[in-house]
Every structure is written in C-alpha cells, then in structure tokens.
Amino acid sequence: MDERELIRLAQSGDLQAFEQLVKGWRDQVFRIARQIVGEEEGAKDVAQMVFIRLWQVLRRYREGGSFASYLHRITVNLAIDFCREQSRRATAESWDPAGMDALPSLPGGLEENPSPGELQKIFEVLSRRLSPKQRAAFVLREIEAIPTEEVSEILGMRQSTVRTHVQEARRILQEGLRRLYPEYARGSQERQR
C-alpha cells in the first residue's frame, strides 16, 4: 500500500494504517529530533510527541501538499519547543557559552577524520551555541539535505532567512571547532587550501 493510501486510511481513523506511517517515518523523525535536541532521551520524547500530534492533526493534512514537509514541520516545532523548555529549566552556567571552553576534549588520538560517533559528540557540544532556529535550519539543510525552499516551508520563514540561519550556524560551528577541537579544525583548514 502506498503512503497516500495509508494517509487517507489513517485520516479516517485506521490505527493500523497510522502505525505503518509511523514505522516508515520514525527513524527520520528521531534523527531530526536528535540533531535539534542534542540528546537521545529528549529526542525519544520529541519523536513520541510528534506522532501523538500527527494523530491529532492528520485530518487537517491536504493531499496536495508534501507529507514530508508537513511531518518535518511538526518535528521541528516540537523539537524547538523542547529546547526552549529545557533551556528554561537549565542553570545559566550549563548554557553559558563562555563555560563551553571548559568542556573536555574527546577521547582518542588526533585522527584527521573523526568517527561518526565522534562527529555526533562534537556536533552535540558545538551546536549548544546555536539558537533553536539556527540549529533546525542547519540540521534540515546541511545534515538532512532538504532543499532550502522546503526548509523555508517547514520552518515558516523566508528562504533568505533560512540561508542566513545556516550561514550563521556554520560560522558558529567552525569557530567552536577551531577553539575546542583544533585537531579536527586543522584538517578542515588544510582541505580548504
């Protein structure tokens, strides 16, 4: 059964069709939530909230639109809300960018190409400096490779604003990489030459 049929059935209340939709999208929803939220447990909570919200609002989805954009928008909005709530609860010191310099380096040698796990850890540390919207724009555009036009639709902002958020996120991440993980920044600087 194709996705459009599953959506139609789920819109009419068919739980089995909805479960199949969830199975088809849960990995991507979790991955996006994980990148925006920055930690696994929070991402699991966000992913669960996404599918609860999807069930609540699925009847409003119109077939002509992109279901991926519709679902990504729900995911991003809930992940941003989660980040805002977490930052309200966090102490000022734990989110203080100046305190980020005290973070330990990653274990291991000075490999030129970090492993995927190391990359994820580095991104988690450095992306704390990004605003939730910068992080969302960067994750959707640069990590998920979603076209700027679609990211603009998902985030409800102009394409130029998306590009600005992505560009600023790159600058912040590169600056953080140079300051906190110079062993990896050197490799990227040499490759740019």
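This is a predicted model: local features need pLDDT of at least 70, side-chain atom pairs count only at pLDDT 80 or more; totals for chains, interfaces and linings use all residues.
Me: pLDDT is the predictor's confidence in each residue, from 0 to 100. Over which residues does it stay under 50 here?

Reply: One such stretch is residues 91–111. The model still has 27 contacts for that stretch beyond four places in sequence, where a contact means heavy atoms within 4.5 Å. Residues 188–193 also stay under 50, with four contacts beyond four places in sequence.

Me: Which helices have the lowest and highest confidence?

Reply: Helix α9 (residues 182–192) is lowest, at a mean of 61. Helix α3 (residues 40–57) is highest, at 96.

Me: OK, the overall build. How many helices and strands are there?

Reply: Nine helices and zero strands. Those are DSSP runs numbered from the N terminus (helices: H or I, at least four residues; strands: E, at least two). Among contacts between residues at least 6 apart in sequence, 67% join residues at least 24 apart.

Me: What share of the chain is buried?

Reply: Buried residues are 42% of the 193 in the protein chain. Buried means under 20% relative accessible area, exposed over 50%, and partly exposed in between (1.4 Å probe, protein chains only).

Me: Which residues touch the most other members of the largest nonpolar core?

Reply: Leu58, Phe67, Val76 and Leu155, out of 57 residues in that core. A nonpolar core is a set of buried Ala, Val, Leu, Ile, Met, Phe, Trp, Tyr and Cys residues joined through side-chain atoms within 4.5 Å.

Me: Take Phe67. What is it in contact with?

Reply: Leaving aside neighbours within four places in sequence, Phe67 is in contact with Glu3, Ile7, Leu21, Trp25, Leu54, Leu58 and Tyr61.

Me: Switching to packing. At what angle do α5 and α8 pack?

Reply: About 110°, with the axes of α5 (residues 116–126) and α8 10 Å apart. That makes α5 roughly perpendicular to α8, a label that covers 65 to 115 degrees. Axes are lines fitted to C-alpha atoms, for helices over the stretch in contact, with angles from 0 to 180 degrees between N-to-C directions.

Me: Which residues meet there?

Reply: Ile122, Phe123, Val125 and Leu126 of α5 meet Leu173, Gly176, Leu177 and Leu180 of α8. By class, that contact has seven nonpolar residues, one polar and no charged. Ala, Val, Leu, Ile, Met, Phe, Trp, Tyr, Cys and Pro count as nonpolar, Asp, Glu, Lys and Arg as charged, and the others, Gly among them, as polar.

Me: And how do α7 and α8 cross?

Reply: The axes of α7 (residues 148–155) and α8 (residues 159–180) cross at roughly 100° and come within 8 Å. So α7 is roughly perpendicular to α8 too. Thr148, Glu149, Val151 and Ser152 of α7 make the contact with Gln159, Val162 and Arg163 of α8. The classes there are two nonpolar, three polar and two charged.

Me: Last one, what follows α6?

Reply: Alanine 145, in the loop between α6 and α7. Alanine 145 has a positive phi of about 60° although it is not a glycine. Alanine 145 is exposed, at 54% relative accessible area.

How values were computed:
Residues are numbered from 1 along each chain as its sequence is written. Side-chain values use heavy atoms; hydrogens and water are left out. Angles under 35 degrees count as roughly parallel, over 145 as roughly antiparallel, 65 to 115 as roughly perpendicular and the rest as oblique.
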